[in-house]
Amino acid sequence: YTVMRRVNLMLDAISSFSEKPLRLLFNFGVMAMLIAFAAALYLVIKKLIYGDAISVGWTSIITLIFFIFGIIMSALGILGIYLSKIFKMTDNVYSF
């Protein structure tokens with residue numbers, strides 16, 4: 001077996017029998033969104049209350065990118081869970 005074939009077999013073994021990787025993807029996305037929201041809230045409060053010199057452009061862009069990353073991961077997880085449920089529903093249906 002080549003390395004690429006082994007990687008493909010590993011991915012098939014992980015994703016063929018369970019929705020768990022899809023749920024982990026969804027949970028990871030939600031966690032990323034919450035962390036980004038908390039970081040943005042912390043940075044805004046820090047700027048308003050303490051007036052610290054933070055680089056406003058860099059922190060807002062990184063926080064926004066992390067938040068959008070979380071949205072995309074959550075959406076992919078939801079879509080994957082939805083498709084796996086459709087596949088499970090149609091897997092046992094025989095056409096005569």
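# Briefing on a predicted model

L24 is exposed, because its relative accessible area is 52% (buried means under 20% relative accessible area, exposed over 50%, and partly exposed in between, with a 1.4 Å probe and protein chains only). L24 lies in helix α2, where helices are DSSP runs of H or I with at least four residues, numbered from the N terminus. The C-alpha atoms of L24 and K88 are separated by 19 Å, and the two residues are 64 residues apart along the chain.

This is a predicted model, in which local features need pLDDT of at least 70 and side-chain atom pairs count only at pLDDT 80 or more, while totals for chains, interfaces and linings use all residues. Residues are numbered from 1 along each chain as its sequence is written, and side-chain values use heavy atoms, with hydrogens and water left out.

**Aromatic rings**

- The structure holds two aromatic pairs (rings of Phe, Tyr and Trp, the last by its six-membered ring, pair if their centres lie within 6.5 Å; planes under 30 degrees apart count as stacked, over 60 as edge-to-face and the rest as tilted).
- F28 and F69 form an edge-to-face pair, with 5.9 Å from centre to centre and 85 degrees between the planes.
- This pair links distant parts of the chain: F28 is in helix α2 (residues 20-50) and F69 is in helix α3, 41 residues apart.
- F28 counts as partly exposed because its relative accessibility is 45%, and F69 is partly exposed at 31%.
- The rings of F66 and F69 are stacked, because their centres are 6.2 Å apart and their planes are at 20 degrees.
- F66 and F69 both lie in helix α3, three residues apart, which is about one turn of the helix.
- F66 has a relative accessible area of 34%, so F66 is partly exposed.
- Ring pairs link F28, F66 and F69 into a cluster.

**Salt bridge**

- A search of the whole structure finds one salt bridge (a side-chain nitrogen of Lys or Arg within 4 Å of a carboxyl oxygen of Asp or Glu).
- The salt bridge joins the side chains of E19 and R23, at 3.0 Å from N to O.
- E19 is buried, with a relative accessible area of 11%, whereas R23 counts as partly exposed at 41%.

**Largest pocket**

- The largest pocket has a volume of about 250 Å³.
- A pocket is an open set of points on a 1 Å grid over the protein atoms alone, where a 1.4 Å probe fits, with protein on both sides within 12 Å along at least five of seven lines; lining residues have an atom within 4 Å of a point.
- The lining includes S15, S16, F17, E19 and K88.
- Helices α2 and α3 each supply at least two residues of this lining, and the largest share, three residues, comes from α3.

**Nonpolar surface patch**

- L64, I68, I72, L76, L79, Y82, L83 and I86 make a nonpolar surface patch of about 740 Å².
- Patch residues have over 30% relative accessible area and no salt bridge, and nonpolar side chains (Val, Leu, Ile, Met, Phe, Trp, Tyr) are joined within 5 Å, like charges within 9 Å.
- I86 lies in helix α3 (residues 56-91).
- I86 counts as partly exposed because its relative accessibility is 33%.

Methods. Accessible areas come from the Shrake-Rupley method with a 1.4 Å probe; for residues, only the protein chains shown count as cover. Grid points are joined across faces, edges and corners, and a volume is the space filled by probe spheres set on the points.
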